[in-house]
Amino acid sequence: MADLRTGAGRPISRRTFIAAAGAAGAGFVLYAVLPGGTTVAVAEVPGGTLEPASVPKFQTPLLIPPVMPRAETITARGGKNIDAYEISTRQFPQQILPVGLPPTLVWGYGAVTSATKRGLLVHNAPSLTIEARWNRPVRVKWINELVDVDGNHLPHLLPVDPTLHWANPPGGVEGRDSRPTFESTPGAYQGPVPIVTHVHGSVGVGDESDGYAEAWYLPAAADIPDGYARSGTWYEFFSGKAATRYGVEWGPGFATFQYPNAQRASTIWYHDHTLGMTRVNVYAGPAGFFLIRGGPEGDDAVVDSRSSTTAILPSPAPKENDRFPSNKTYYEIPIAVQDRSFNDDGSLFYPDTRTLFDGIVGDYIPEGEFSPIWNPEFFGNMLIANGNTWPFQVVEQRRYRFRFLNGCQSRFLILDFSGIPGVEAWQIGNEGGFLAAPVNLTADHDGRLLMGLAERADVIVDFTNVPVGNHVLGNIGPDEPFGGGIPGIDFEPADPASTGQVLQFRVVPATAPDPTTPPEFLVLPAITPLPPESVTRPLALIEKSAVGFDANGDPVDGPVAALLGTSDGGVPVEYEWADPVTDNPAVGSTEVWEFVNITADAHPMHVHEIAFEVVNREGLVRDPEDPDDIVVPLQPDGDVSGPEAWETGRKDTVIAYPGQVTRVRATFATAGQYVWHCHIVEHEDNEMMRPYRIGPEQPGQPM
């Protein structure tokens, strides 16, 4: 198999990072590189009390998410009609584990009203799919309904660390969206839960509708404690902007956002984005697919090269008001892959102490630098697909279209089709729509598909020549941080008995001839290149650590935070979330952003509001006397590689590998305040997220 990291070379060692970053300290390393390049795990995040081996596999049919019902269609005079939704976040039990094991208390989105009696008013995790049409706006009233039957607030299902720079409702209006100070180490936050929804991949969205991390809001609960901030710093400003722009009102426990959907047809998704709480809010369940269909680069623009006519892609997919359970057979299926751990009572497990990550028991804030609950990364010991542990899907001996999403916390996936005899897998799209040309994963990439956090892959899987019977889709990504390389050589693949299995395909004979176009004959829509850049912006990915102590009193080097910054003359300069905006593209400008990664991890970098082109990657100069060490000031080494075949077209998330510069090109067309961040959610929650602004400051905006 080819190296899964462009720019060959083994992962950066702990010593490399220290040399590169100096006083910043070592990074998020859960492995060590031994002489000769062998990688060995040195620490693992334990799971809950429910062992993976005790959970039966392939007992539950794969849930194919139904379509979210619209609340109404708004007829706009002189404008475009708008599809309107009312969607809330609620708490409920869900059977994630197989029947016979306890249900799991989760959160999820769901419609609270429907324009028709057939609309499915159900909350689930993952949630129902929003089906959008190209160039037709979608308006959503997002409601925080995390309250009990008496209307009182529900506490979080998971431990919230209040020592981070986070939403901080108990800080009041003056102290919200801050890093609080403490006289003694605090326990987990137990108050009302803030949320704000981000549609990940929405291009051209106004900043008031982007789900800005400081635009959160509490539920309209009856028992919000006195002195609590009920909304984030930017909520009121964006509320006024939404009223002016769309004529919509915001109020206690809700906000109304609008999405233009004028981008290429694509697979995007929605999830919570609250400051300092994304990791626990999303882990609790609220997320769902948002599909944009049609337009000049949609399915109807795909051509069959044999006849020069419109190609036939696998279909149908679920449609609004389909019966549930469905009486249809679907050949286009979205699949969200996530990792979770559970306790014996079925509850979600997520660490409630930093000790579980690396054994550091102190010194915790305020005596030391370590947050007492935050874990630098989390790897669940079970995989779930569309909300169930290890489900199965019956497939015929024909072609299917799967839209994959890596919705894990910190885990890079390498989906492995190679264990399915006779299968063919072709990738035809990524986050930003169709690729430049189909990519034969089976012939050219050993049947393997690398997916960073939040990346999507539109894949045609051909089961025509697969023997009737049961076959497992594998995962050979690591059970630890990913730095690139080859499975089994540079890192140990996932546990083959648990996290190395995603779902089971039960192959049966085809019920009718397959009318779809073979992928090798697909001509995908042409991709219009972006204009040349006027600015190149060097940005640094930095990790910070300190020395703590384990239970024996021995010193332990461990991560304190992940940081973003700039590269000033090749010298990394770190910034925190609260620092002023340093990245300020002009409206309409095209820039190349350089993600200069001096950490030991690969980071999936996501930029809100835009879709970008991957330009290339280039290594960093290393010390000739010790190739493990990166030279500072940082210098590109001239070893340049272009984007991978599956990175063509448009993307919104890109893997930035350690010891490399990853370059992307984007046009910044919509003025406003947005963010860029690492999508390892544990990282983004602790300073690996920065605000950026397109255009000038807005009159009246928060400072």
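Cys408 is buried (under 20% relative accessible area, where over 50% is exposed and values in between are partly exposed, for a 1.4 Å probe and protein chains only), its relative accessible area being 5%. Cys678 likewise counts as buried, at 0% relative accessibility. The structure holds zero disulfides, a disulfide being a pair of cysteine sulfur atoms within 2.5 Å. For Cys408, the nearest cysteine sulfur is that of Cys678, 14 Å away, and Cys408 is in no disulfide. Cys678 is in no disulfide either, its nearest cysteine sulfur being that of Cys408.

The model is predicted, and local features were taken at pLDDT of at least 70 and side-chain atom pairs at pLDDT 80 or more, whereas totals for chains, interfaces and linings use all residues. Residues are numbered from 1 along each chain as its sequence is written, and side-chain values use heavy atoms, with hydrogens and water left out.

The chain contains seven helices and 40 strands; these are DSSP runs numbered from the N terminus, helices being H or I of at least four residues and strands E of at least two. The radius of gyration of the chain, 24 Å, is close to the 27 Å that the globule rule gives for 703 residues, so the chain is as compact as a globular protein of that length. This radius is taken over C-alpha atoms, and the rule is 2.2 Å times the number of residues to the power 0.38. Along the principal axes, the C-alpha atoms fill a box of roughly 70 × 60 × 60 Å. Of the 703 residues, 63% count as buried. Among contacts (heavy atoms within 4.5 Å) with a separation of 6 or more, 77% involve residues 24 or more positions apart.

The accessible surface of the chain comes to about 23,800 Å², and carbon and sulfur atoms account for 53% of this area. Accessible areas come from the Shrake-Rupley method with a 1.4 Å probe, and for residues only the protein chains shown count as cover. The chain carries 47 positive and 86 negative charges, whose mean positions are 10 Å apart. Lys and Arg count as positive and Asp and Glu as negative, without His and the chain ends; each charge is placed at NZ of Lys, CZ of Arg, CG of Asp or CD of Glu.

Several loops hold particular backbone features. The peptide bond between Ile365 and Pro366 is cis, with omega about 10 degrees, and Pro366 is found in the loop between α5 (355-358) and β16 (382-385). A cis peptide bond also joins Val632 to Pro633, with omega near 5 degrees; Pro633 is in the loop between β35 (626-630) and β36 (636-641).

Asn135, which is not a glycine, has a positive phi of about 65 degrees. Asn135 is in the loop between β6 (130-133) and β7 (138-144) and is partly exposed, with a relative accessible area of 23%. Glu609 also has a positive phi, near 80 degrees, and lies in the loop between β32 (603-607) and β33 (613-620). Glu609 is buried, with a relative accessible area of 4%.

Gly204 touches Glu609, as well as Pro260 and Thr670, when residues up to four places away in sequence are not counted. Gly204 lies in the loop between β8 (197-200) and α3 (235-246) and is partly exposed, at 24% relative accessibility. Gly204 and Ala611 are 407 residues apart in sequence, yet their C-alpha atoms are 9.1 Å apart in space.
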